[in-house]
Amino acid sequence: MSSFPTLPSDLLPADGRFGCGPSKVRPAQLDAIARGANIIGTSHRQPAVKNLVGEVREGLSALFNLPEGYEIVLSLGGATAFWDAATFGVVEKQSAHLTFGEFSSKFAKASEKAPWLDQPQSVEAEPGTAPSPTELDGTAADVVAWAHNETSTGAMVPVKRPDTDALVLVDATSGAGGLPVDMKEADIYYFSPQKCFASDGGLWLAAMSPAAIERIAKVKDSGRFIPAFLDLQTAVDNSRKNQTYNTPAVAPLLMLADQVKWMNDNGGLDGMVARTSANAEALYGWADAHELATPFVVEPAQRSLVVGTIDFDERVDAAQLAKALRENGILDTEPYRKLGRNQLRIGMFPAIDSQDVTTLTKAIDWLLAQGVGQQ
């Protein structure tokens, strides 16, 4: 028996998935798995799977308009594995970080725990705000790092080289494919595919500059111990052969390849940013004008285009709203668990239609009018 009011049919989004990762998957991506079923269960060292990896690499190169010499490198384990891999294979002595939420701090913590590295530098900003890359100007570190988009808070930081000779590493897990980027401003722009690319997790992918690839080779040749699974030189060597060191899951690659093709066929990165911008305008415009809701990120320029966090007045229990939405088939609007705020967090990735975001806001208003979450 339902414990919440049933939304009228015209207040139900066409697709009710608003999660911030894993995110909404387009039906065509599932069809792509069916079309590629003949290569699932076959050797990843043979042409069929290697051609699929090559399709992903070529598609991403086109999407990001990679500068000359940049390469798409991929391996297994997701961005979490890449943080550890970077401490072994990219950072020579010290890294410097911008931290402004849960995920932007994780690379800094990985560097802090690596006994072969000097303690990292860290510039911290309060959750809901975003630091500037210029705060890393003049650092003596050999790697500078931050997140393009802080998934936990919905704040974004531009990809812009600080005034330093350090390599620039940008965690783009929730931003890649939905936020603007000039790849010349980064040396390693890395991400997992379960956000804007609407695939499953378990992979990391990265656009790497010639300088980054040179650094990886230099650290490898230094004799530093590097676990085989985290060896970035191995990842580079295998990617150039359109394969991975370990056996990959093929279904996510099929989903990813279809999504990248859809992105390139629909205006490339500019087209995807137009979609996420429309989603953000629908969500933040509603919250800005609302009596009981307000964007958590105060500065409009720092508000993410792909992850929207909306605070609610103390008169509203946002957790009850999220439960009512879920009961009506509108899923994954709960806030990031560790942030502990009275808010909803809304995925606004390219696959999500802006009309569905608008319908979601109307559904929230209707539930509030019915007294749902009123304290």
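A: N238 lies in helix α6, where helices (H or I, at least four residues) and strands (E, at least two) are DSSP runs numbered from the N terminus. The model is a predicted one, in which local features need pLDDT of at least 70 and side-chain atom pairs count only at pLDDT 80 or more, while totals for chains, interfaces and linings use all residues. Residues are numbered from 1 along each chain as its sequence is written, and side-chain values use heavy atoms, with hydrogens and water left out.

N238 has a relative accessible area of 11% and is therefore buried; buried means under 20% relative accessible area, exposed over 50%, and partly exposed in between, with a 1.4 Å probe and protein chains only. Not counting residues up to four places away in sequence, N238 touches R45, Q243, T244 and Y245, a contact being heavy atoms within 4.5 Å.

R45 is in turn partly exposed, at a relative accessible area of 32%. Its place is the loop between α1 (27-35) and α2. Beyond the neighbours within four places in sequence, R45 is in contact with K50, N238, Q243, T244 and Y245. The unreviewed UniProt entry places a "binding site" feature at R45; UniProt positions are in the numbering used here, feature names are shortened, and annotations may be inferred rather than shown by experiment.

The buried residues of α2 are V49, L52, V53, G54, V56, R57, G59, L60 and L63. Their cover includes helix α6 (232-239), together with β1 (71-76), β8 (188-191), β9 (203-208), α7 (250-265) and α8 (268-288). After α2 comes N65, whose phi is positive, near 50°.

Over residues 41-330 the chain is 36% helix and 17% strand, and the end C-alpha atoms are 34 Å apart.

The chain as a whole contains ten helices and twelve strands. Its radius of gyration is 21 Å, close to the 21 Å that the globule rule gives for 375 residues, so the chain is as compact as a globular protein of that length; the radius is taken over C-alpha atoms, and the rule is 2.2 Å times the number of residues to the power 0.38. Along the principal axes, the C-alpha atoms fill a box of roughly 65 × 50 × 35 Å. Of the 375 residues, 59% are buried. Among contacts between residues at least 6 apart in sequence, 74% join residues at least 24 apart.

Finally, the structure holds zero disulfides, a disulfide being a pair of cysteine sulfur atoms within 2.5 Å. The sulfur of C20 is 10 Å from the closest cysteine sulfur, in C196, which is too far for a bond. C20 is buried, with a relative accessible area of 6%, and C196 also counts as buried, at 1%.
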